[in-house]
Amino acid sequence: MPRRGLIKKKKVQGDQKYNSTLITKFINTFMKEGKRSTAERTVYATLENLKVKAKEDPLKVFEKAIDTVRPLLETKSRRVGGATYQVPIEVEQNRSISVGIRWLIKYATERGGKSMVDKLTAEILDALGNKGGAVKKREDTHKMAEANRAFAHYRW
């Protein structure tokens with residue numbers, strides 16, 4: 001954190017095809033070694049697959065999946081006295097969305113499947129159905145926060 005003033009958040013522009021800032025954030029997170037065109041190709045192919053498989057607007061399906069996966073609570077370590085407590089805190093929306101995106105990408109890459117497009121499509125569809133690795137991670141995070149609710153008074 002800077003000593004003088006606050007850092008302004010950069011505004012993310014919408015992507016070329018859907019004009020959605022959420023898809024731009026997803027592409028930026030998905031991109032490896034600066035290969036933006038490869039990341040865009042994969043994400044747009046995934047959205048085309050979603051259009052076919054879900055028979056709905058792929059942008060709405062994608063937004064619903066991110067909303068399902070993103071955490072509302074998480075724990076942060078706080079050192080009090082000699083002990084370290086896991087203190088539950090609410091997650092602000094911007095961080096919540098970026099964590100949800102990271103989880104979707106992580107669990108899609110860990111999946112078995114032929115191509116990354118298929119893996120990502122399957123993970124997003126599983127997120128819609130409240131199953132899959134990313135949803136399980138969110139549930140585990142919420143359970144951890146709920147279990148440590150007694151330490152909520154250490155929040156500052």
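This is a predicted model: local features need pLDDT of at least 70, side-chain atom pairs count only at pLDDT 80 or more; totals for chains, interfaces and linings use all residues.
Student: Are the rings of Phe26 and Phe30 stacked or edge-to-face?
Tutor: Both residues lie in helix H1, 4 residues apart, which is about one turn of the helix. In an α-helix there are 3.6 residues a turn, so residues three or four places apart point the same way. The structure holds 4 aromatic pairs. For Phe26 and Phe30, the ring centres are 6.3 Å apart and the planes stand at 5 degrees, so the pair is stacked.

Student: Are Phe26 and Phe30 buried or exposed?
Tutor: The cut-off for a buried residue is a relative accessible area under 20%. Phe26 has a value of 1%, while Phe30 comes to 12%, so Phe26 is buried and Phe30 likewise counts as buried.

Student: How many residues apart in sequence are the parts that the pair of Phe26 and Phe62 ties together?
Tutor: Phe26 and Phe62 form an edge-to-face aromatic pair, with 5.0 Å from centre to centre and 85 degrees between the planes. Phe62 is buried, its relative accessible area being 2%, and ring pairs link Phe26, Phe30 and Phe62 into a cluster. Because Phe26 lies in helix H1 and Phe62 in helix H3, the pair ties together parts whose separation in sequence is 36 residues.

Student: Which residues does Thr46 touch, not counting residues up to four places away in sequence?
Tutor: Thr46 lies in helix H2, which runs over residues 36-54, and with a relative accessible area of 2% this threonine is buried. Once residues up to four places away in sequence are set aside, the residues that Thr46 touches are Val117, Leu120, Thr121 and Ile124.

Student: Which residue takes a positive phi in the hairpin of S1 and S2?
Tutor: Strand S1 (residues 73-80) and strand S2 (residues 83-90) run antiparallel and are joined by 8 bridges, and Glu74 stands opposite Ile89 in S2. The hairpin has 2 residues between the strands, and the positive phi, near 70 degrees, is taken by Gly81.

Student: In what order do the elements of the chain run from the N terminus on?
Tutor: The secondary structure comes to 6 helices and 2 strands. Read from the N terminus on, the order of these elements is α-α-α-β-β-α-α-α.

Student: What share of the contacts in the chain with a separation of 6 or more comes from residues 24 or more positions apart?
Tutor: The chain has 156 residues, of which 37% count as buried, and the C-alpha trace spans about 55 × 40 × 25 Å along its principal axes. Among contacts with a separation of 6 or more, the share from residues 24 or more positions apart is 59%.

Definitions and conventions:
Residues are numbered from 1 along each chain as its sequence is written. Side-chain values use heavy atoms; hydrogens and water are left out. Buried means under 20% relative accessible area, exposed over 50%, partly exposed in between (1.4 Å probe, protein chains only). Contact means heavy atoms within 4.5 Å. Two strands pair if DSSP finds at least two bridges between them. Rings of Phe, Tyr and Trp (its six-membered ring) pair if their centres lie within 6.5 Å; planes under 30 degrees apart count as stacked, over 60 as edge-to-face and the rest as tilted.
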